[in-house]
Structures are given as C-alpha cells and as structure tokens.
Amino acid sequence: MIERDLLTLIRDAEQAGEEKVENAKKKAEELRVLLEKEKADIVKKMEEEFEQRVEAEREKAEEKFRKEAEAIKENKEKVISVLSETAKGKIEEIASEIADRILKGANLKNGN
C-alpha cells in the first residue's frame, strides 16, 4: 500500500512537472508572439515617424525653393527695369545728339 501510494505520488509529481513544462512552453510561446507584435508595432511607428520627418523636410525644401524662385523673379524684374531705364536714357541721349547734329547741319546750311 505504501509502495503504491509512493508510486502514485511520484507519478502525480511527474505529471505535475510535465504540466508545468507544458504551461511554461505555452507561456513562452505567448510571450514570443506578444514580443513579435510589439516589435512590429515599434517598427511601424518608426517608419511612420520617418515618413513624417521626410515629408516635413520636403515641404521645408519646397518652401525655400519657392522663396528663392520669387526672389529671383523680383531681381529679374528689377534688372529689366534698370536696363529699360538705362536703354531709355541712352536712346534719349543718342536722339539728342542726332537732333543737335541735324540742327548744326541746318544752321550751317542757312549760314548761321
């Protein structure tokens, strides 16, 4: 009887040990799955943050480019205006010289 009780206790202990091992394996697998999910979530979050930073930098670069393009356009318009004024002044100067020469020629013809 005692032997049988001892054998039963040993068998129960072995079964309990096997159950604990199986439970530990199940728990380890659950933790592995949770860890993989958490890892995937972290990677996804990092990718989203990276994409947001890239988009912000792109927008910043576009704004800088737009401002530079506007500045170039304004400078071009100023240069054209200055050149126009310079050309206008030169044309008036040349026209005045031609008029003076014509008047001198007319005066010489008339004897003045």
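Ten salt bridges were found in a search of the whole structure, which is a predicted model. Side chains of opposite charge can pair when their charged atoms come close. Several of these pairs are described below.

Lys-25 and Glu-22 are joined by a salt bridge with an N to O distance of 4.0 Å. Both residues belong to helix H1, where they stand three residues apart, about one turn of the helix. Lys-25 is exposed, because its relative accessible area of 52% lies over the 50% limit. Glu-22, at 41% relative accessibility, is partly exposed.

A further salt bridge links Lys-60 with Glu-57, whose closest N and O atoms are 3.7 Å apart. These two residues are separated by about one helical turn, because they are three residues apart in helix H1. Lys-60 is exposed, with a relative accessible area of 54%, whereas Glu-57 is partly exposed at 48%.

Glu-70 and Arg-66 form a salt bridge at 2.3 Å, N to O. Both are located in helix H1, four residues apart, about one turn of the helix. Glu-70 is partly exposed at 40% relative accessibility, and Arg-66 is partly exposed with a relative accessible area of 36%. Through salt bridges that share partners, Glu-63, Arg-66, Lys-67 and Glu-70 are joined into one network.

The C-alpha atoms of Glu-97 and Lys-39 are separated by 86 Å, the two residues being 58 residues apart along the chain.

Methods:
Residues numbered from 1 in each chain as written. Predicted model: local features only at pLDDT ≥ 70, side-chain atom pairs only at ≥ 80, totals over all residues. Heavy atoms only, no water. Salt bridge = Lys/Arg side-chain N within 4 Å of Asp/Glu carboxyl O. Buried < 20%, exposed > 50% of the residue type's maximum accessible area, 1.4 Å probe, protein only.
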